[in-house]
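Hi everyone, thanks for making time this morning.

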Amino acid sequence: MIKKRTKEILKRLDEAYGTEYVCYLNHKTPWQLLIAVILSAQCTDARVNIVTKDLFVKYDTLEKFADADMEELEKDIHSIGFYHSKAKNIISCAKTLVEKHEGKVPRTLEELTALAGVGRKTANVIRGNVYHDPSIVVDTHVKRISKRLGFTEEQDPGKVEQDLMKALPKDHWILYNIQIITFGRSICAARNPRCGECFLSDLCTSGDRRQEG
């Protein structure tokens, strides 16, 4: 049974941000989303979207990524950071998709995490956004805000994921991540959260909460 407090938090998030599935990384195909998520590690979605705008024109098929020259791909994604390891992982990942999966992005967590550069977070982004399988994505916003809301005391993303799976109903697993990203960017920032403007302030368990008046 969902706790009354949790139900109220989710209700307010739904009212504030809606219940549509929104992906902040621009893509047209599942494999483009997979590559974009690999690129997004330690980088903003906005920067990734700037790079992939031209990248997905130059490499318009998965096979072109699989056959890409390492140094050339590094130059193409240089502004993103960690470009050497990301280029290496993208080429390896693309080759595996072409050779073992007939060019299709697999659905299961096990198959996805077997791909180069794909951990649980990336795998869950794919499962949630491509296949709409109930998945919890633990990014920096979700990790920080879930702790502030009292859903977890953990620091390890895997443990945070397990806590959220217990606390949240499955129909909100994907939505929670989408909503919390917006909430984290606009209100509940890592530094100087705007607690006076927060519609969840009365439900927050964090010591960061600043009551005004």
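This is a predicted model: local features need pLDDT of at least 70, side-chain atom pairs count only at pLDDT 80 or more; totals for chains, interfaces and linings use all residues.

I'll talk about helix packing, then some individual residues, and then the cysteines.

Let's begin with the helices. Two packed helices are described by the angle between their axes and the distance between the axes. Please find helix α2, residues 30–39, and helix α6, residues 83–100. Their axes come within 10 Å and cross at roughly 155 degrees. An angle over 145 degrees counts as roughly antiparallel, and so that is how α2 and α6 run relative to each other. The crossing of this pair is right-handed. If you want to see the side of α2 that takes part, look for Leu34, Ile35, Ile38 and Leu39. Across from them, α6 brings Lys86, Ile90, Cys93 and Leu97. Sorted by kind, the residues in this contact of α2 with α6 are seven nonpolar, no polar and one charged.

Stay with α2 for a moment, please, and bring in helix α8, residues 120–129. Here the axes are 10 Å apart and the packing angle is about 150 degrees. That makes α2 and α8 roughly antiparallel too, and their crossing is right-handed. From α2 we have Pro30, Leu33, Leu34 and Val37, and they meet Thr122, Val125, Ile126 and Asn129 in α8. This contact of α2 with α8 divides into six nonpolar residues, two polar and no charged. Notice Leu34: this residue of α2 meets α6, and Leu34 is also listed in the contact with α8.

Now for another pair. How do the axes of helix α1, residues 4–17, and helix α11, residues 173–186, cross? They come within 10 Å of each other, at roughly 70 degrees. Angles of 65 to 115 degrees count as roughly perpendicular, so α1 and α11 fall in that group. On the α1 side you can pick out Leu10, Leu13, Asp14 and Tyr17. On the α11 side there are Tyr176, Gln179, Ile180, Thr182, Phe183 and Ser186. In the contact of α1 with α11, six residues are nonpolar, three are polar and one is charged.

Next, some single residues. While we have α1 on screen, let me point out Thr6, which sits in that helix. Is Thr6 buried or exposed? With a relative accessible area of 5%, Thr6 is buried. Its partners, once we set aside neighbours within four places in sequence, are Phe151, Ala167 and Leu168. Thr6 and Pro169 are 163 residues apart along the chain, and their C-alpha atoms are separated by 9.5 Å.

Moving on, Val118 is in the loop between α7, residues 109–113, and α8. Val118 is buried, at 8% relative accessible area. Beyond four places in sequence, Val118 touches Leu34, Ile38, Leu112, Thr113 and Ala123. For a contrast in space, take Tyr59: Val118 is 59 residues from Tyr59 in sequence, and their C-alpha atoms are 20 Å apart.

That brings us to Leu112, which belongs to helix α7. Leu112 is buried, with a relative accessible area of 0%.

Now a word on the backbone. Most residues other than glycine have a negative phi. Phe82, though not a glycine, has a positive phi of about 50 degrees. Phe82 lies in the loop between α5, residues 70–76, and α6, and is exposed at 55% relative accessible area. His132 is another non-glycine with a positive phi, of about 55 degrees. You'll find His132 in the loop between α8 and α9, residues 140–148, and at 45% relative accessibility His132 counts as partly exposed.

Finally, the cysteines. How many disulfides are there? The count is zero. A pair of sulfur atoms would have to be within 2.5 Å. The sulfur of Cys23 has its closest cysteine sulfur 14 Å away, in Cys43, which is too far for a bond. For Cys195 the closest is in Cys204, at 6.5 Å, again too far. Cys23 is partly exposed at 27% relative accessibility, whereas Cys195 is buried at 13%.

Notes: Residues are numbered from 1 along each chain as its sequence is written. Side-chain values use heavy atoms; hydrogens and water are left out. Buried means under 20% relative accessible area, exposed over 50%, partly exposed in between (1.4 Å probe, protein chains only). Axes are lines fitted to C-alpha atoms, for helices over the stretch in contact, and angles run from 0 to 180 degrees between N-to-C directions. Helices (H or I, at least four residues) and strands (E, at least two) are DSSP runs, numbered from the N terminus. Angles under 35 degrees count as roughly parallel, over 145 as roughly antiparallel, 65 to 115 as roughly perpendicular and the rest as oblique. A crossing is left-handed if the near helix is turned anticlockwise from the far one by less than a right angle, and right-handed if clockwise. Contact means heavy atoms within 4.5 Å. Ala, Val, Leu, Ile, Met, Phe, Trp, Tyr, Cys and Pro count as nonpolar, Asp, Glu, Lys and Arg as charged, and the others, Gly among them, as polar.
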